[in-house]
Amino acid sequence: MNSVTPDDEISKSALKREHHSFKALGEELAALSERQFKRLKLDESLCEAIAEARRLKHGSLQRQLRHLANLLVEHDPVAIRRKLTLLLEPVQEDARMLREVERWRDALLAGEEDCLADISERCPTIETQQVLTLARDARAEKIAGRPPKCARLLFKYLRQARVASATTGPAAP
C-alpha cells in the first residue's frame, strides 16, 4: 500500500515553479563577472556547468541552464541564493544611491528646489548655496545650448555628498 496521502504530494505546477526558480538562479550565476563568481566558492561541478553556460548561446544555453537547475537541486540552492544575495547587496545599494542622486539632479535642473530639504536631510554637510548655484548655472548652460559641464559638476557634488553621508551613517532610506 502507498502511504503517501494526496496532501503530501507536491503539485506539478509547484514543481515547475521550483524548477524555474532554480533555472533563474542558474542564469544569475552565469551572468556574474568572473571576480564575483570566484567569491561564491561553489562546488566544482557547478563551476563547470556555469562556465559551460557562459560559453553557449540560444537553444544550447537553455539546455545547459536546465542541466544547471538540476545540479542546483542536488546542492543547497538556499545557501547559494543567500551567498549571491550577500554578494550583490552592496552593488544594488550603490545603484539605488546613484538613482537617488540622479533624481535630485534632475529635479534641481527642472527648477524644483523643494527637493533641497530631502537632500539636506540625507546629506547634512552639503552646502545648499553651492547646489543652487550649480543648478542655476546648469539650467543656463542648457538654455544656451552649451555642453552640460555644470550639470556634471552638480551630479558629482551630490554624489560625493551622498557617499560621504552614507559612510558616516546618518539618514539612510
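This is a predicted model: local features need pLDDT of at least 70, side-chain atom pairs count only at pLDDT 80 or more; totals for chains, interfaces and linings use all residues.
Visitor: How do you know what confidence α7 has within the chain?

Guide: Helix α7 (residues 128–144) has the highest confidence, at a mean of 93, whereas helix α2 (residues 34–40) has the lowest, at a mean of 84. Over the chain the average pLDDT is 85, and 92% of the residues score at least 70.

Visitor: What span is expected of α7, and what does the helix reach?

Guide: With 17 residues and 1.5 Å a residue, the expected span is 24 Å, and from its first C-alpha to its last α7 reaches 24 Å, which is close to that expectation.

Visitor: Which residues of α7 are called buried, and why are they said to line one face?

Guide: Buried means under 20% relative accessible area, and in α7 this holds for Val131, Leu134, Ala135, Ala138 and Glu141. Seen down the axis of α7, these buried residues fall within an arc of 120°, so they line one face of the helix. In general, an α-helix has 3.6 residues a turn, so residues three or four places apart point the same way.

Visitor: What is found on the other side of α7?

Guide: There Gln129 and Ile143 are exposed, a word that requires over 50% relative accessible area.

Visitor: Why is Asn70 called partly exposed?

Guide: The class lies between the limits of 20% and 50%, and because Asn70 has 42% relative accessibility, it counts as partly exposed. Asn70 is found in helix α4 (residues 58–74); Leu98 is 28 residues from Asn70 in sequence and, C-alpha to C-alpha, 37 Å from it in space.

Visitor: What makes the chain more spread out than a compact globule?

Guide: The chain has eight helices and zero strands. For 173 residues the globule rule gives 16 Å, but the radius of gyration of the chain is 24 Å, well over that value, so the chain is more spread out than a compact globule. Along the principal axes, its C-alpha atoms fill a box of roughly 80 × 40 × 30 Å.

Visitor: What share of the contacts joins residues at least 24 apart?

Guide: Among contacts between residues at least 6 apart in sequence, 60% join residues at least 24 apart.

Technical notes
Residues are numbered from 1 along each chain as its sequence is written. Side-chain values use heavy atoms; hydrogens and water are left out. pLDDT is the predictor's confidence in each residue, from 0 to 100. Helices (H or I, at least four residues) and strands (E, at least two) are DSSP runs, numbered from the N terminus. The expected span of a helix is 1.5 Å times one less than its number of residues. Buried means under 20% relative accessible area, exposed over 50%, partly exposed in between (1.4 Å probe, protein chains only). The arc is that of the directions from the helix axis to the C-beta atoms. The radius of gyration is taken over C-alpha atoms; the globule rule is 2.2 Å times the number of residues to the power 0.38. Contact means heavy atoms within 4.5 Å.
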